[in-house]
Amino acid sequence: NVASKRNDFWRLLVKSGWFSKPPRTVWKQDKYGIPLSDLPAGLRNDIEAVLKWKQAPFAPGRPKKGRIREVTAKGLRLSLTQLAGVAINVFGAEPASLTELITKDTLEAHVEWLINERGMMGNTVHMKLATISAVVLHHPKFSGLDLSWFKELMDSITVEDISDRKKRKAKKTLPYELLETLPSNIAAERIAAEKSDTSHPLHPTRLMIEQFIVEWLLVLPMRQRNIRECRIGGD
């Protein structure tokens, strides 16, 4: 697809010496995780057992509020397989079990790589570790191990203050009153395009679609995929 072609091009520029490092978005497109089915048998079995333990109605050692839904389990599985992928593909480790994967050295190197190399925000990294900590701190497989380093590692990650986060996100937004004026502005642009033969850069039909989409989103915000997959009649 287009994203992979773009990333391949950037990697070629870096390899040929034109740039020292590609844009951060290129790194984010790389998939370093390994599918669960492709992991070593011992590690795969451990992860599957942990996911089952987190979702079962009752599980020994698990706090009464520690049960998770299937959708949350998918996030945990993703965090564990991504950690395994980075450990194997980036650091050259060969973890044969979950206890060999979740170690102080591996987690520290993983956090350092995510923040310093991948440019990931501390809040995101902290949340990834939080999903793993729920397993490490309570699963019987880790009982008896010294895990004091886990909390120390999480506390060492700089997390953005909530007020600072709101200010940063506010810079990416517009007042609703301003957004309400967009449909009428697009409509005026569409009328101008209809009167023009070839001088206007956008086709009136395209402007009509944009006007409709903006009016829709102002009333009912939806993900773009939901809009793309809408159907009028039929299945």
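User: Before we start, what counts as contact here?

Analyst: Contact means heavy atoms within 4.5 Å. This is a predicted model, where local features need pLDDT of at least 70, side-chain atom pairs count only at pLDDT 80 or more, and totals for chains, interfaces and linings use all residues. Residues are numbered from 1 along each chain as its sequence is written, and side-chain values use heavy atoms, with hydrogens and water left out.

User: Which residues of helix 4 and helix 7 meet?

Analyst: From helix 4 you get Leu76, Ser79, Leu80, Gln82 and Leu83, and they meet Lys128, Thr131, Ile132 and Val135 of helix 7. By class, that contact has five nonpolar, three polar and one charged residues.

User: Why are helix 4 and helix 7 called roughly perpendicular?

Analyst: Helix 4 (residues 70-89) and helix 7 (residues 122-136) pack at about 100°, with axes 9 Å apart. Angles of 65 to 115 degrees count as roughly perpendicular, so the pair gets that label.

User: What makes Ala134 partly exposed?

Analyst: Buried means under 20% relative accessible area and exposed means over 50%, with partly exposed in between (1.4 Å probe, protein chains only). Ala134 has 25% relative accessibility, so it counts as partly exposed. Ala134 is found in helix 7 and touches Trp53 and Lys54, not counting residues up to four places away in sequence.

User: Which residues does Leu101 contact?

Analyst: Setting aside neighbours within four places in sequence, Leu101 is in contact with residues including Leu80, Leu83, Ala84 and Ala87.

Conventions
Axes fitted to C-alpha atoms, helices over the stretch in contact; angles between N-to-C directions. Helix = DSSP H or I, 4+ residues; strand = E, 2+ residues; numbered from the N terminus. Parallel < 35°, antiparallel > 145°, perpendicular 65-115°, else oblique. Nonpolar A, V, L, I, M, F, W, Y, C, P; charged D, E, K, R; others polar.
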